[in-house]
Structure formats: structure tokens, C-alpha cells
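I set out to record how the parts of this structure meet. The entries below follow the order in which I looked things up.

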Amino acid sequence: MREVVEKKVLSENDRLAAELRQRYRDQNILCVNFISSPGSGKTALLEKTLAALAPTQAVAVLTGDIQTDNDARRLSRYGFPVRQIVTGGTCHLDARMIDRHLGEMNFRGPGLLLVENVGNLVCPSSYDLGEAAKIVLLSVTEGEDKPLKYPGIFHRATLMILTKTDLLPHVDFQPGFALENARKIHPEIDYIALSSRTGEGFDKWLTWLDALQRKFQQTAAAINS
Amino acid sequence: MHEIGIASSILESVAAEAQRHPGAQVIAVGVRIGELSAVDKDALDFAFECITRETEWEHLKLEVEWCPRRQKCLACEEEFIVKDLNLVCPRCGADNSTCIGGTELDIAYLELEEPCAKS
């Protein structure tokens with residue numbers, strides 16, 4: 001006898017993520033989820049971003065790693081609350097981890113929640129964290145064909161950030177080719193190229209984030225009214 | 001890489017569904033895995049075998065339906081399967097379409113065997 005089930009494999013994660021999404025809307029918290037390979041510059045991007053944000057703004061950071069709290073220590077220098085999520089082997093963050101750490105952190109909106117996922121282009125793409133946007137980073141020391149090799153995350157990401165552009169004179173990487181590949185997977189994906197080291201292109205990223213925050217607030221207000 | 005976690009989630013769902021059918025034996029679970037789901041079919045098969053081995057679920061079969069990426073043309077509404085990353089509509093040639101399939105990570109069905117009625 002065949003019994004039709006029709007549910008998501010990750011329905012428990014999706015249920016919790018939907019709760020988080022509702023909480024973010026209620027409290028006016030813009031949550032963004034940063035995903036990339038190990039070493040693409042997620043932590044450096046966050047450091048530079050935190051340094052640029054006004055200390056009057058409420059910002060919190062959750063950073064995921066399989067081991068060590070090195071990233072949290074790097075990120076806690078900027079005066080905002082930071083929590084390290086040590087997954088102990090798990091290759092991605094899930095909604096339950098976010099829920100638990102956010103609760104312990106006691107972070108209240110309105111504000112900005114920056115989530116640095118475990119360095120991995122595959123698994124984090126399956127787990128909804130209730131975020132308003134996934135942001136995928138690709139550095140110029142990687143291959144231009146990464147979007148084709150890891151279509152899942154490039155399909156789900158709202159924005160692709162090309163990092164380490166200060167190294168472009170020293171590598172054969174062609175940004176146009178990488179973008180072309182990303183848009184083969186996801187024609188509407190936004191794109192920003194920057195260097196966290198020199199600050200080149202960083203204003204475009206901060207403007208993008210600011211625009212997303214405004215859009216999120218408007219949408220949240222419309223849904224909650 | 002995370003297929004063990006995916007396999008565990010499938011098994012949890014099977015166990016929960018099975019409770020609604022006391023006495024019946026679950027012999028297979030059908031899942032749909034999309035091309036864009038970031039789940040590898042072979043790795044999932046292997047993970048499922050590993051976590052069910054020498055358990056009450058040892059004989060449970062995992063039946064995977066692989067789902068290609070599908071798009072719907074926004075100009076002529078044609079639905080088409082994407083081959084070689086080509087998002088151009090095969091019917092009208094427009095290149096604006098929306099994704100309607102390929103992200104599946106679903107449990108579709110259970111195959112149950114009811115206990116034989118005693119005569």
C-alpha cells in the first residue's frame with residue numbers, strides 16, 4: 001500500500017526557520033547569511049563591515065566553524081556582540097543552532113544580524129536560517145567556474161560578492177567570466193566586486209546592504225500591518 | 001557531505017509517519033531530490049545504508065526520484081527542462097523564465113505492508 005506523505009525532508013528545520021523569519025519581522029531584524037568556500041574572505045568582509053557600521057546601530061554576529069573560536073575573537077574587536085557557534089563537525093549551520101544562540105545572546109531589534117556560515121559551498125545551501133538574503137562570496141584565487149560546480153548556492157543567493165580584487169593583477173581570474181557563469185545559474189543575481197584589504201568597492205556593498213535593510217523594513221511593516 | 005544529516009531527517013520522518021500506521025511495516029520511502037538541492041544521490045544512498053544498518057530499518061528501501069531543473073517561460077508560459085545550463089525557451093526563444101523545479105528535497109511517499117488479516 002502506498003501512503004502519500006508529501007513533506008519536505010528538512011520540514012523541522014523549515015518550521016523553525018519560519019519561526020525565526022517571523023521573529024525577525026516582528027523585531028525588525030535584518031538577517032543575512034554569508035556563505036562561501038573556506039578562505040574566501042567571509043571574516044575579513046565582516047570585520048571591515050563592522051568597522052564601517054555606526055556604533056549606535058544594533059548589530060549582532062553569529063559565526064559558525066567546525067572548531068575554534070578564532071573568528072569570534074577577530075570579530076569581537078568592533079564593539080558589537082559576537083557569538084561563535086562551534087558545530088563540532090557539522091558542515092553547516094541550521095535553524096536550531098541559530099535559535100539557541102540568538103536566545104542566549106538576548107539580541108533585540110531593530111537591527112542587523114550577520115550570520116557567517118561554516119566555510120562550505122554545498123551543505124549550507126540546503127538549510128534555511130530564516131534569513132532575508134543569502135550572500136555568496138567567491139574570491140579571485142578560486143576558479144571562475146565555481147558557480148557551475150556549485151549551482152545550488154548560486155541559485156539561492158541574492159548577491160554574489162567577488163572578494164580579494166586587489167589580487168587581480170597577480171592572477172588569471174576573469175571577473176566577467178565568473179559573473180557570466182553565475183548568471184547562467186541565476187540570471188537575477190546581484191553582483192559586487194570588492195577588496196576587504198584595500199576597501200575598493202566597499203561603498204557599493206554598504207549601499208547594497210542599506211538598500212536591503214530599507215526594503216526589508218518596508219516589507220516587514222506591510223506584512224505585519 | 002551533509003547527506004548523513006539528510007538521511008537522518010528522512011528516517012525521523014519515516015518513524016513519525018510509521019506511528020500513524022501501527023502494525024504495518026514500512027518497506028520503502030520515496031524521496032525527490034532536485035538538481036539544485038545540493039544533495040548527491042549516491043552519497044545519500046550510502047549514508048542511508050550506513051545509518052540503517054543493523055537497526056530496525058535495515059530492510060527499508062530508499063527510492064530516489066532525481067528531478068532536473070525546470071523553468072517556465074515568462075513570455076509564452078512553456079515549461080521546459082534545462083539542458084546544458086541553457087535557460088532560453090525552446091519554444092519562443094525568450095530568455096526570461098522562472099525556476100519551477102529542481103530544488104526538491106521532499107519525502108513523497110511510504111510503501112507500507114499491512115499485516116495479513118487472520119482467517
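**Contact between the chains**

I first looked up the contact, which takes 23 residues from chain A and 23 residues from chain B; two residues are in contact if their C-beta atoms, placed from the backbone, lie within 7 Å. This is a predicted model, in which local features need pLDDT of at least 70 and side-chain atom pairs count only at pLDDT 80 or more, while totals for chains, interfaces and linings use all residues. Residues are numbered from 1 along each chain as its sequence is written, and chains are lettered from A and ligands numbered from 1 in the order in which they are written.

Helices (H or I, at least four residues) and strands (E, at least two) are DSSP runs, numbered from the N terminus. Strand 1 of chain A gives the most to this side, with seven residues.

**Strand pairing**

I then found that strand 1 of chain A and strand 6 (residues 105-113) of chain B run antiparallel and are joined by five bridges; strands pair if DSSP finds at least two bridges between them. Lys7(A) stands opposite Ile107(B) in strand 6 of chain B.

**Helix packing**

Last, I looked up helix 1 (residues 11-27) and helix 4 (residues 95-105) of chain A, which pack at an angle of about 40 degrees with their axes 8 Å apart. Among the residues that make this contact are Leu16(A) and Leu20(A) of helix 1 and Ile98(A) and Asp99(A) of helix 4.

Conventions:
Axes fitted to C-alpha atoms, helices over the stretch in contact; angles between N-to-C directions.
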